[in-house]
Amino acid sequence: MSDEDEDDLILSELDDEELVLQMHDDLYDGLKEEIEEGVNILLERGWEPYRILTEALVAGMTIVGNDFRDGILFVPEVLLAANAMKGGMAILKPLLAETGAPRMGKMVIGTVKGDIHDIGKNLVAMMMEGAGFEIVDLGINTPAEEYIEALEREEADLLGMSALLTTTMPYMKVVIDTLKEQGKRNDYIVLVGGAPLNEEFAGAIGADSYCRDAAVAVETAKEYMLRKHNRASA
Ligand code: B1M
C-alpha cells in the first residue's frame, strides 16, 4: 500500500480482522491516536475490553518485541510503540476495573530497581483492579526499602514484583531476603513476573509463585487470598 493510500485509510471501514491487523501495524509505527481510535471502534462493535487488550494490543506488542530482539527496531521506536500501547490501555483500564467486584485484597506492585519496563506491570495492575483487588503501584526502579515501607503502610496482603531484564531479576531476591532479615517475609504473599522469569527462578529466590501473565497473576492472587481467608476463619 502506498503512503497516500495509508493516509486515506479509514479504520472504521475495516472489518474486525483487518482492523486488528492494522492496529498491530499502527502499534509498530507508534501511532497513538490511531490505536486509541481502533480501541474505540472495537468497543463500539461490542468487543470485550480483555479481548481488545490481548488480541489487538498485547499481540501487537509481541511483534514489536520480536523485532526489537532481532535488531530491526531500536529503543526510540519501541518507546513510541509503548506510548501508543499505553494510549489504548488507558481507554480500557476503567472498563476492565468496572466489574464492581468486592475487594479481594490489597497488592503493592512495582518494577524492581534498575528496571524501567512497566507495560507488563501496568497490565497486571489493571487486571488485578478489574478483578476487585486494591492496587498500590510504586512504578518503576523500585528499591527494597520502598516496597517494604509501602507494604507496611498500606497493610497489604500481596507483593507483586516485575522484572524484564536478566540483570534486574536477581534484585527480587534482594527484596525477599530483606523481608526475611526483618522477620516480615511470612506477612505477605509474594508473586513475581516478567518475561525472563520462570517457576524455577521464583522458587529459588523464595517467592510464593511465578505468574506467566496478567490473567495468571489474578488467578494466583485469588487462590492465595481464598486460602488466607479460609485459614483466618478456621
Ligand atoms: Co526493553 N528489553 N530494554 N525496553 N524491552 C526487553 C525486555 C528485551 C527482552 C528486548 C530484547 O532484547 N529482546 C531486552 C532484555 C534482554 C535481557 O535482559 N536478556 C531489553 C533490553 C536489553 C532493554 C534495554 C537494556 C535496551 C537498551 O537500552 N539498550 C533497556 C533497559 C532499560 C532499563 O530497564 N534499565 C530497555 C528499554 C526499553 C524501552 C524503554 C525502550 C521499552 C520499555 C517501555 C516501557 O515499559 N514503558 C522496552 C520494551 C517495550 C521492551 C520489550 C520490546 C517489550 C516489553 C513489554 O512491554 N512487553 C521487551 C521484549 C520482550 O519482552 N519481548 C524488551 C509486553 C508486556 C505486556 O509483557 O512485560 O512480559 P511483559 O509482561 C507480562 C508478563 O511477563 C507478566 O504479565 C504481563 C502481562 O501479561 N508480568 C507479570 C510482568 N510483570 C509481572 C509482575 C507480576 C505478575 C506478572 O507480579 C505479580
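**Close-up views of a predicted model**

View 1. Lysine 106 is buried, at 14% relative accessible area (buried is under 20%, exposed over 50%, partly exposed in between; 1.4 Å probe, protein chains only). The model is predicted: local features need pLDDT of at least 70, side-chain atom pairs count only at pLDDT 80 or more, and totals for chains, interfaces and linings use all residues. Residues are numbered from 1 along each chain as its sequence is written, and side-chain values use heavy atoms, without hydrogens and water. Lysine 106 pairs with glutamate 134, with 3.8 Å between the closest N and O atoms (salt bridge: a side-chain nitrogen of Lys or Arg within 4 Å of a carboxyl oxygen of Asp or Glu). Glutamate 134 is partly exposed, at 37%. A salt-bridge network links Lys106, Glu134, Glu149, Arg153 and Glu154.

**View 2. The cobalt site.** His117 (NE2) is the single protein donor to the ligand's cobalt atom, 2.1 Å away. Donors are N, O and S atoms within 2.8 Å of the metal (3.2 Å for Na, K and Ca); water is not among the atoms, so sites may look incomplete.

**View 3. The largest nonpolar core.** This core has 48 residues, and Leu53 and Leu57 have the most contacts inside it. A core joins buried Ala, Val, Leu, Ile, Met, Phe, Trp, Tyr and Cys residues through side-chain atoms within 4.5 Å. Leucine 53 touches residues including Val58, Met89 and Leu123, not counting those up to four places away in sequence (contact: heavy atoms within 4.5 Å).

**View 4. A salt bridge at arginine 212.** Arginine 212 pairs with aspartate 213, the closest N and O atoms being 3.9 Å apart. Arginine 212 is exposed, at 60% relative accessibility. Aspartate 213 is partly exposed, at 33%.
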